[in-house]
Amino acid sequence: MTKSEFLEALRRALNGNMAAASVDDNIRFYDSYFNTEETKGRSEAEILSELGDPRILARTLIDAADRAGDAYAHEANETQFHGASSTDSQDSYNEETFTRRGAGTVHKVRMPGWLIAILVLMVVVVVISVVGSLMWAILPYLIPIILVVYIVKLIRRN
């Protein structure tokens, strides 16, 4: 196998399993890796031996993209292994991405915009409810205190 055959086999294995931009990025990376290692004096055969089977490498890259939260890779994996009929990678809603860090890894959690709006609305309702409840709880004590202060001010004026 040659460098070009390796890169073509890798491209074929990655196509349809991750976004086209990710496929191109990976092919450019491994092409650059070959060039860098060859300038260090390593032979193409040594590099190919080190990298191994391009299909296994592709499976590793796809799994890594899936674990990193690449929605397209996950959807492509579901299609490939479970026979799902839809391969559309675009969601019909706007989404925001939040990042959660833990144990040295980064997990992206994607939430649709409508869900965020509902959560914000719920927080506002809860805050208004808490403030209202506190007002109703202290209002019976607050009214007599205000009346006493007002009467004391009236008496001091006279």
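**Helix packing in a predicted protein chain**

An axis here is a line fitted to C-alpha atoms, for helices over the stretch in contact, and angles run from 0 to 180 degrees between N-to-C directions. The crossing of H1 and H4 is right-handed.

Which residues of H1 and H4 make the contact? On the H1 side they are Phe6, Ala9, Leu10, Ala13 and Leu14, and on the H4 side Pro54, Arg55, Leu57, Ala58, Leu61 and Ile62. Contact means heavy atoms within 4.5 Å. By class, this set holds 10 nonpolar residues, no polar ones and one charged. In this scheme Ala, Val, Leu, Ile, Met, Phe, Trp, Tyr, Cys and Pro count as nonpolar, Asp, Glu, Lys and Arg as charged, and the others, Gly among them, as polar.

Residues are numbered from 1 along each chain as its sequence is written, and side-chain values use heavy atoms, with hydrogens and water left out.

Now the chain as a whole. The protein chain has six helices and two strands, and from the N terminus on its elements run α-α-α-α-α-β-β-α. Helices (H or I, at least four residues) and strands (E, at least two) are DSSP runs, numbered from the N terminus. Of the 158 residues, 20% count as buried; buried means under 20% relative accessible area, exposed over 50%, and partly exposed in between, with a 1.4 Å probe and protein chains only. The accessible surface comes to about 11500 Å², and carbon and sulfur atoms hold 62% of that surface. Among contacts with a separation of 6 or more, residues 24 or more positions apart account for 41%.

Let us return to H1 and turn to its other partner in this talk. The axes of helix H1 (residues 3-14) and helix H2 (residues 20-39) come within 10 Å and cross at roughly 160°. The two are therefore roughly antiparallel to each other, and their crossing is right-handed. H1 contributes Lys3, Phe6, Leu7, Leu10, Arg11 and Leu14 to the contact, and H2 contributes Val23, Asp24, Asn26, Ile27, Tyr30, Asp31, Phe34 and Asn35. Eight of these residues are nonpolar, two polar and four charged.

Is Asp24 buried or partly exposed? Its relative accessibility is 32%, so Asp24 counts as partly exposed. Asp24 and Arg11 lie 13 residues apart in sequence, and their C-alpha atoms are 8.0 Å apart in space.

H2 also meets helix H3, residues 44-51, with axes that come within 10 Å and cross at roughly 135°. H2 is therefore oblique to H3, and this crossing is right-handed. Here Tyr30, Tyr33, Phe34, Glu37 and Glu38 of H2 meet Glu44, Ile47, Leu48, Glu50 and Leu51 of H3. The contact of H2 with H3 comprises six nonpolar residues, no polar ones and four charged.

Two H2 residues complete the picture. Tyr33 lies in helix H2 and, apart from neighbours within four places in sequence, is in contact with Arg42, Ile47, Glu50 and Leu51. Between Tyr33 and Ile47 there are 14 residues of sequence separation and 8.9 Å from C-alpha to C-alpha. Glu37, also placed in helix H2, counts as buried because its relative accessibility is 8%. With neighbours within four places in sequence set aside, Glu37 is in contact with Arg42 and Ile47.

How values were computed. Predicted model: local features only at pLDDT ≥ 70, side-chain atom pairs only at ≥ 80, totals over all residues. Areas by Shrake-Rupley, 256 points an atom, 1.4 Å probe, with all protein chains shown as cover. Parallel < 35°, antiparallel > 145°, perpendicular 65-115°, else oblique. Left-handed = near helix turned anticlockwise from the far one by under 90°.
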